[in-house]
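Dear colleague,

I am handing over a structure that you have not worked with before, and I would be glad if you looked through it alongside the notes that follow.

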Amino acid sequence: MANVTTPGLPYTRLIFIVLALIAPLACISFVKIQQPQLERHAFVNLTTIAQLKAQQIEKWLYERNEDTAVLMSSGALLTQIEKSNQDKSDTKTKQIILDRFQTLINSYGYDTILVLDSHDQPVPTLGVGKNQDILPLVQELTALARTSKQAHRSELFRSKPGNVYLDWAVPIVTSDMQGKPTGLVILLRTAANQFLFPLIQTWPSASNSAETLLVRRDGESVLYLNELRHRKDTAMNMRLPLNTPNLPAVIAINAAKPGTTRGKDYRDAEVLSAYRPIAGTDWHIVAKIDRDEVLAPMWDTLYWLALISIIATIVLMLALTIVLRQQRQTRQLEILQVSDLATAQYTRSLIEASLDPLVTIGADGKITDVNAATEQVTGVAREQMIGSDFADYFTDPRKARASYQQAFSQSSVTDYPLTIRHVSGNTTDVLYNASI
């Protein structure tokens, strides 16, 4: 007897559990691998952007400082300014000065160039530009320039109309006719929205959240110097406490050196950021991007990975179910075949145990089995008789056919007289008994 086995129920359940875990485990592994890689790549990009912008700002400040150095070394220009201040009727000298100022504005993007007297009042007719507000901060700057006899730069400041400016004060170190210092100062004024802010706000690639911040310490607060992408009217207005936890601007100011961090910005959104100080200033630049935007490609890929994994798992489960069902059906068929064989062997043993001729037939009258007594009374071997017509072994085939038909219709026949014919021609009278 063949021994056929199929996976037991516990093992089948274990296989299905393993298959069900493939999709979530694959997704978890994908996230564990991709997330750090994407963040590292973002930090590299942010560091590069922060460094590039810091270098551009430092170069711009250096060039403006060079402008002041050129002015201080321009003896002819300083003499002309002193002369024009003393002689208001000298229109020719005044025009030379104004032309020089206009050239500086056109070439280097200054908003306004003024000449201030010793009381910080603009010298009439010696100025180019519309914004001539002299705030207390500017007065402190000009006083420092006169005292040190060197050019100085102001902090970024917000004027009355709300624009942000940056001034340079260049002292004119000359004396009047009585030998007293004139106290004249050339004031170079730049508008932050003409160069500095556009430089800070531009981003090298398309992004829905990325931005660059310019910040500095202001007492116990961090002051945002530029306009922010996600909030309006913030330049020189927005302040946050220095004890704000995980705020990249605060981390940048406290670190005072280049670095990267993951924290929450002024919107309380989780961001990745890189920061570095601006040389020669107390400014710090912060390049940041929302973490969700950085990880968005991973989540998109994860969606498709999960979908494909789930579909593949379902297909595998269905295939396994079909295989197991086929194995179960095959095993049941083999069991039935073994059972049929055992039944046939048992029936055969019963047939052979009888000393009288015994025959089994189908509904069509074909012989399916005989015993040895039948072989002897007919003279025909068992193998030849199986499949042949039962009625052919009687002297009256019609009567023999009627006997088994009666048995099939009435379930049994008792003592039905028939005569069996031997292949030698001899005959044997029998009483035919049959049952279904």
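Which helices and strands each supply at least two residues of the lining of the largest pocket? Please keep in mind that this is a predicted model. In it, strand 13 (359–361), helix 8 (372–378), helix 10 (397–410) and strand 16 (427–435) each contribute at least two residues to that lining, and strand 16 gives the most, with six residues. The pocket has a volume of about 680 Å³, and 25 residues line it, with P357, L358, V359, Y432 and N433 lying nearest its centre. By residue type, the lining divides into 19 nonpolar, five polar and one charged.

The second largest pocket has a volume of about 250 Å³. It is lined by 14 residues, and those closest to its centre are H41, A42, N45, I289 and V294. Helix 1 (9–73) and helix 7 (291–353) each supply at least two residues of this lining, the largest share being the six residues that come from helix 1. Here the lining residues divide into nine nonpolar, four polar and one charged.

I then turned to charged side chains. Side chains of opposite charge can pair when their charged atoms come close.

R262 is partly exposed, with a relative accessible area of 41%, whereas E39, at 11% relative accessibility, counts as buried because it falls under the 20% cut-off.

Another joins E155 to R216, with the closest N and O atoms 3.6 Å apart. E155 lies in the loop between strand 3 (152–153) and strand 4 (157–158), and R216 lies in strand 7 (residues 211–218), so this pair ties together parts that are 61 residues apart in sequence. E155 is partly exposed, with a relative accessible area of 26%, while R216 counts as buried at 12% relative accessibility.

The remaining pair to mention is E211 and K288, whose side chains meet in a salt bridge at 2.9 Å, N to O. As E211 lies in strand 7 and K288 in strand 12 (residues 284–290), the pair ties together parts that are 77 residues apart in sequence. Are these two residues buried or exposed? E211 counts as buried at 4% relative accessibility, and K288 is buried as well, with a relative accessible area of 1%. Salt bridges that share partners join E211, D265, R267, K288 and D290 into one network.

With kind regards

Key. Residues numbered from 1 in each chain as written. Predicted model: local features only at pLDDT ≥ 70, side-chain atom pairs only at ≥ 80, totals over all residues. Heavy atoms only, no water. 1 Å grid on protein atoms, 1.4 Å probe; cavity = no way out; pocket = protein on both sides within 12 Å on 5 of 7 lines; lining within 4 Å. Points joined across faces, edges and corners; volume = space filled by probe spheres on them. Helix = DSSP H or I, 4+ residues; strand = E, 2+ residues; numbered from the N terminus. Nonpolar A, V, L, I, M, F, W, Y, C, P; charged D, E, K, R; others polar. Buried < 20%, exposed > 50% of the residue type's maximum accessible area, 1.4 Å probe, protein only. Salt bridge = Lys/Arg side-chain N within 4 Å of Asp/Glu carboxyl O.
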